[in-house]
Amino acid sequence: MTELRIYATRDTGVETAPEPLLSTSNAVQISAELKMRGIKFQRWPSKPELEQQARQERILEAYASLIASVQKHEGYQTVDVMRVGSDQPNTSSLRQTFLQEHQHQEDEVRFFVEGCGLFSLHIKDEVLQVICEANDWITIPAGTRHWFDMGANPNYCVIRFFKNSGGWVASFTDDPIANHYPGLPCAREQTTQG
Ligand SMILES: [Fe+2]
């Protein structure tokens, strides 16, 4: 289930695990809390006719009307499908790279077709952790400090939206903040892989 946890940022010298100020799995509340902070989040209807491990063309076809609506209203010209699985050779280094706080000149816009991932957004004096699962659409505006955990056994598929895919390059902040907040829960990975 999709989940939002909101933490206050704190002195990173503190050794105890942070306690969330808010934790919710209510999609309406998640959307409202994120909207207040400039983050767009929606749950899209599921597509039961779309088989697991579907090819890119099938996925883009199944979500064509929603994709067209996003492109029309948000101006994203390019759309593709990215699948990451633990059978790929570089997932461990890929995970470590995006676990470091970074930002992009381009919005990071993702729709989860399968699997899950944890976005952590560092906005002002808060860290917002969003565990995204299938049917979640999220837009992280350009310049937002964030990190992403695909889990120890990555298994997810997303539709990506770009205004200029060349702008989606990670610029690392060198802030070790990500080390002080939880990662994607292992149990979550296991329940969503089947
Ligand atoms: Fe990113």
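Before I start, a word on terms: two strands are said to pair if DSSP finds at least two bridges between them, and the strands themselves are DSSP runs (E, at least two residues), numbered from the N terminus. What you see above is a predicted model, in which local features need pLDDT of at least 70 and side-chain atom pairs count only at pLDDT 80 or more, while totals for chains, interfaces and linings use all residues. Residues are numbered from 1 along each chain as its sequence is written, and side-chain values use heavy atoms, with hydrogens and water left out.

Let me begin with E108, whose bridge partner in strand β9 is I140. That contact belongs to the antiparallel pairing of strand β6 (residues 108–114) with strand β9 (residues 136–140), which are joined by four bridges. Both strands sit in an open sheet of five, ordered β3-β9-β6-β11-β4 with antiparallel pairing. At its edges are β3 (40–43) and β4 (78–85), each of which pairs on one side only, and the twist from one strand to the next averages 20°, taking axes as lines fitted to C-alpha atoms and angles from 0 to 180 degrees between N-to-C directions.

E108 also brings us to the metal: the iron ion is coordinated by E108 through OE, and by H102, H104 and H146 through NE2, at 2.1 to 2.2 Å. Donors here are N, O and S atoms within 2.8 Å of the metal (3.2 Å for Na, K and Ca), and since water is not among the atoms, sites may look incomplete. Along the sequence, the spacing of the donor residues reads H-x1-H-x3-E-x37-H. Of these, H102 in strand β5 (residues 102–103) and H146 in strand β10 (residues 145–149) link distant parts of the chain, lying 44 residues apart. Both H102 and H146 are buried, meaning under 20% relative accessible area with a 1.4 Å probe and protein chains only.

Why do we call β10 largely enclosed by the rest of the structure? Because four of its five residues are buried. β10 runs antiparallel to strand β7 (residues 116–123), with five bridges joining them, and within that pairing H122 stands opposite R145.

Finally, strand β1 (residues 3–8) is mostly covered, with five of its six residues buried. β1 pairs in the antiparallel sense with strand β8 (residues 126–133) over six bridges, where L4 stands opposite V130. Three bridges also join β1 to strand β2 (residues 22–24), again antiparallel, and there I6 stands opposite L22.

Methods
Buried < 20%, exposed > 50% of the residue type's maximum accessible area, 1.4 Å probe, protein only.
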